[in-house]
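The exercises below are meant to be worked through with the sequence and the coordinates open side by side. Try each task before reading the solution that follows it.

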Amino acid sequence: MREVRKFKPSNIIVHILLLILVLINLFPLYWMVTFSLKNNDEILGYSYVDEATGERVLVPPNHVGLPQHWEWGNYNKAMNTGNMGQYFINSLAVSTSVIAITVIASFMATYALTRMVWKGRKMMNKFFMLGLTIPIHAAIVPVFTILSKMKLLNTYAALIVPYAAFSLSMGILISIGFMGDIPYDLDEAAFLDGCGVWKIFFRVIAPLMMPAIATVGIYTFLQCWNELLFATIFVSSGKYRTLPVGVQQLFGQYTTDWGPIGAALTIATLPTMIVYILLSKRIQDSFIAGAVKG
Amino acid sequence: MKRTFTYKLNIFLFLLPALILFIGILIAPIIMSAYYSFHEFNLVANTDMEYVGLNNYRILFSSMLTNPNTGKLYANSMYLGDALAHSLILAALSTFIQLPLALIIALKLSKGIRGERAYLSIFFMPVLISTVIIGRLWMNIYDPGQAGLLNAGLRALGIDKWLFPAITSRITSSKLPFTGQWTGFRETALLAAFIPILWQYVGYHMLLMYAGIKGVPADLLEAAQLDGCTEGQVNRFIIIPYIKPILKVCVIFAVTGSLKSFDLIYALMKDTSRAELPSTLMYKLLFLHQRYGLGSTVAVILIVLCFLFAMLISLAFRDKGAKVA
């Protein structure tokens with residue numbers, strides 16, 4: 001069948017259309033990386049007076065081509081003046097803490113929801129699943145009030161706790177799928193050996209949930225790495241600012257200096273892209289796991 | 001007796017971390033927001049809560065939003081009706097343009113075309129980029145000056161010569177001529193916001209649909225082929241009904257995503273009022289004008305709408321499924 005398909009002329013048309021889509025997909029990113037390495041003259045175009053003829057010569061902007069002079073200094077500016085390095089570390093600290101909390105809390109809840117027998121556990125499951133639909137806007141004013149009363153605004157915790165709470169429903173949803181695949185015989189064997197629920201959870205179940213950590217972790221990571229609304233409102237000091245807010249702040253700083261903006265955008269994009277190239281199948285699978293079971 | 005008690009205590013302890021987070025950050029704030037929506041107060045000036053009944057709801061839906069200090073309307077009229085209309089337009093564009101496009105690509109890719117994994121991975125990539133970065137990048141693409149990529153492309157192809165006057169003639173919100181300020185006019189701003197959304201999320205829906213199509217049992221497809229079904233018939237009568245649950249998830253994501261959308265508009269435009277969405281309106285009310293009661297009211301309306309649409313979409317899909325069966 002495969003051979004027949006290869007020579008079908010309609011497939012060539014499909015490939016051409018798909019390649020056009022690939023171009024549309026990649027070109028803005030290529031453009032971003034190239035303008036991050038150009039100077040303003042190249043980006044905006046410029047004019048000069050030719051000394052031999054005395055005429056004004058217009059040099060049009062270089063939109064599509066590679067940079068003529070590679071301006072690596074733009075990256076220095078973005079890192080130093082734009083402070084992207086600090087924001088990068090902040091984002092990393094917040095994301096990893098959120099992953100840790102989400103994984104622990106959702107594994108424990110999932111254990112109680114699926115391995116322990118009690119009345120109302122189905123209702124409790126539905127209750128947690130409400131979180132999939134609740135928009136984060138619901139929490140803004142009350143959480144802002146609570147954080148400001150507890151003097152927690154402008155700390156890492158101001159982002160970590162709300163992010164973990166909003167990642168929880170998806171964490172539980174994914175964990176239920178994974179925990180369901182672990183055979184109940186293991187629990188029974190451990191129980192007969194005299195293990196209590198805590199020992200069963202930590203010694204038997206948790207070690208077998210390693211693949212779930214990756215899936216929950218990836219999903220959670222991308223949610224908080226890219227989040228803007230909470231990050232803008234709950235943190236105003238540059239010390240704890242995360243990458244998306246840092247990028248947003250570039251509005252005021254260099255509205256006319258394109259190169260450093262491009263550099264900042266590239267710095268903020270590159271890590272996720274590298275991780276994606278290394279783990280593309282895994283990342284896609286965690287998005288599928290999150291949606292298909294919902 | 002003691003054992004059952006320990007057992008129950010353990011259940012509670014296992015649920016405790018999740019319950020604290022979930023109730024503390026999601027459930028209690030919803031109730032608090034609902035309470036706030038009947039009040040007006042200022043967190044910065046630390047004023048007392050003043051009970052105003054349904055007044056916040058009335059104000060938001062009547063475009064009578066005035067500045068309490070001057071008694072006049074705010075400079076950029078803030079009307080929830082417009083913001084809701086904008087987000088519903090975005091929802092409709094997402095559902096009727098983005099999802100069919102995603103479905104067509106997913107159907108083509110899932111039939112074993114060469115390099116399907118590479119195509120899939122490339123199309124999905126923008127999903128992982130922060131929406132703020134995409135907004136900021138597209139702001140540069142739309143730039144009305146010399147450097148803007150879109151206008152440079154239109155100029156190079158000579159399209160601007162007839163397209164710009166044509167747009168100018170349709171603009172009623174301003175007397176300025178349209179010279180490529182895509183985010184600068186009410187008539188073009190929303191569409192300018194939709195293009196990056198389409199660009200970013202079409203791959204997401206495509207991936208979900210692709211995974212669903214790959215889950216269709218092979219014998220079902222073989223049987224259809226043996227019966228002489230064309231590709232179009234297989235798509236229409238076997239694959240699409242089979243992946244209905246996933247299509248439902250996609251529609252819910254597209255619609256609730258449009259209602260909640262904030263990052264892109266906020267990053268794409270310096271002045272969001274030309275494509276105001278409920279969340280950007282809420283942000284302005286809260287942090288520009290310190291109208292915390294009104295902001296909470298917008299939040300409550302958003303929560304209700306998200307649940308309402310999720311329910312309606314589920315119902316719509318359930319009915320059709322029953323008819324097919």
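Predicted model: local features only at pLDDT ≥ 70, side-chain atom pairs only at ≥ 80, totals over all residues.

**Exercise 1. Describe the side of chain B that touches chain A, by its number of residues and by their class.**

Step 1. Counting contacts between the chains, 66 residues of chain B meet 68 residues of chain A.

Step 2. On the chain B side, the element that gives the most is helix 1 (residues 2-36), with 17 residues.

Step 3. Sorted by class, the chain B side divides into 49 nonpolar, 12 polar and five charged residues.

Step 4. As to confidence, the model scores ipTM 0.87 and pTM 0.89, and chain B has a mean pLDDT of 89, with 95% of its residues reaching 70 or more.

**Exercise 2. Identify the residues that touch the most other members of the largest nonpolar core, and follow one of them to its neighbours.**

Step 1. The largest nonpolar core has 171 residues, and those touching the most other members are A:Ala109, A:Ala264, B:Ala106, B:Met209, B:Cys250 and B:Val298.

Step 2. Helix 8 (residues 186-214) of chain B gives the most to this core, with 15 residues.

Step 3. If residues up to four places away in sequence are left out, A:Ala264 touches A:Ala78, A:Gly82, A:Met84, A:Val247 and A:Leu250.

**Exercise 3. Locate the two assigned domains of chain B and characterise the contact between them.**

Step 1. The domain assignment gives domain 1 as 80-142 + 183-324 and domain 2 as 145-181 in chain B.

Step 2. The C-alpha centres of these two domains of chain B lie 28 Å apart, and eight residues of domain 1 are in contact with 10 residues of domain 2.

Step 3. Helix 8 of chain B gives the most to the domain 1 side, with three residues, and by class that side has three nonpolar, three polar and two charged residues.

Definitions and conventions. Residues numbered from 1 in each chain as written. Chains lettered and ligands numbered in written order. Core = buried A, V, L, I, M, F, W, Y, C linked by C-beta atoms within 7 Å. Buried ≥ 20, exposed ≤ 12 C-beta atoms within 10 Å, placed from the backbone. Helix = DSSP H or I, 4+ residues; strand = E, 2+ residues; numbered from the N terminus. Contact = placed C-beta atoms within 7 Å. pLDDT = per-residue confidence, 0-100. Nonpolar A, V, L, I, M, F, W, Y, C, P; charged D, E, K, R; others polar. Domains from an automatic or database assignment.
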